[in-house]
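Good morning, colleagues. Please take a moment to look at the sequence and the model, and then let us go through them together.

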Amino acid sequence: MGKKHKLSLTEEELVSALQRHEKRAAEALYDMYSASLYGVIFRIVNDTTTAEDILQEAFVKIWHSSSSYNVDKGRLFTWMINISRNLAIDKLRSKDFKNQNKNQEIENNVGYIDTHNNTVYKPELLGVKELVNTLKPEQKSILDLIYFKGYTHTEAAEELGMPLGTIKTRLRTAIQQLRKHFN
């Protein structure tokens, strides 16, 4: 048996196959996007098992919600990141997750940290790291808090000691800068 080839479709083919619930759409979604979506989720929850569970939940939600995706409102990848990110943030804020983290025994922390330091989000595989590095430091820090650490706009404003309006303006400017690379 040879090595299985990864399935890759154009975005248009993928959207069409996804909305028709074709098996190849599920395979292509996983092959093309699982690493990137996992990276976003892991950055938020910082736990391998939880991130894997959320990734699976995200793919199920993407599959069942595919009819609600509108190509005119943005790229498929952006839509999927938002679903994944929201599920991760919901999990992070859930009572069960907070309790699980509080109850972790101290002696397990060293092993836990060693084990999980091997799992690294690699946005450079997408070129995201280089793109984000082109932003001004004040834009980068806001983007990191909101999109990669799951902060709300208000929480980011408190964390950075800035007015909420400044956070929103800098975030909007940062996203506009990044969009220039995709047009």
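Predicted model: local features only at pLDDT ≥ 70, side-chain atom pairs only at ≥ 80, totals over all residues.

Helix α9, residues 153–160, packs with helix α10, residues 164–179, at an angle of about 110°, and their axes lie 9 Å apart. Here axes are lines fitted to C-alpha atoms, for helices over the stretch in contact, and angles run from 0 to 180 degrees between N-to-C directions. The two helices α9 and α10 are therefore roughly perpendicular to each other, a term that covers angles from 65 to 115 degrees. On the α9 side, the contact (heavy atoms within 4.5 Å) is made by H153, T154, A156, A157 and L160, and on the α10 side by L164, I167, K168 and L171. By type, the residues of this contact between α9 and α10 divide into six nonpolar, two polar and one charged. Nonpolar refers to Ala, Val, Leu, Ile, Met, Phe, Trp, Tyr, Cys and Pro, charged to Asp, Glu, Lys and Arg, and polar to the others, Gly among them.

Residues are numbered from 1 along each chain as its sequence is written, and side-chain values use heavy atoms, with hydrogens and water left out.

Turning to the whole chain, the secondary structure comprises 10 helices and zero strands. Helices are DSSP runs of H or I with at least four residues, strands are runs of E with at least two, and both are numbered from the N terminus. Of the 183 residues, 35% count as buried, that is, under 20% relative accessible area with a 1.4 Å probe, protein chains only; exposed means over 50%, and partly exposed lies in between.

Helix α8 covers residues 137–148. Which residues of α8 are buried? They are Q139, I142, L143, L145, I146 and F148. In general, an α-helix has 3.6 residues a turn, so residues three or four places apart point the same way. Just after α8, G150 takes a positive phi of about 80°.

H21 sits in the loop between α1 and α2 and is partly exposed at 39% relative accessibility. N46 belongs to the loop between α2 and α3, and with a relative accessible area of 46% N46 is likewise partly exposed.

Note on methods. Expected span 1.5 Å × (residues − 1). Parallel < 35°, antiparallel > 145°, perpendicular 65-115°, else oblique.
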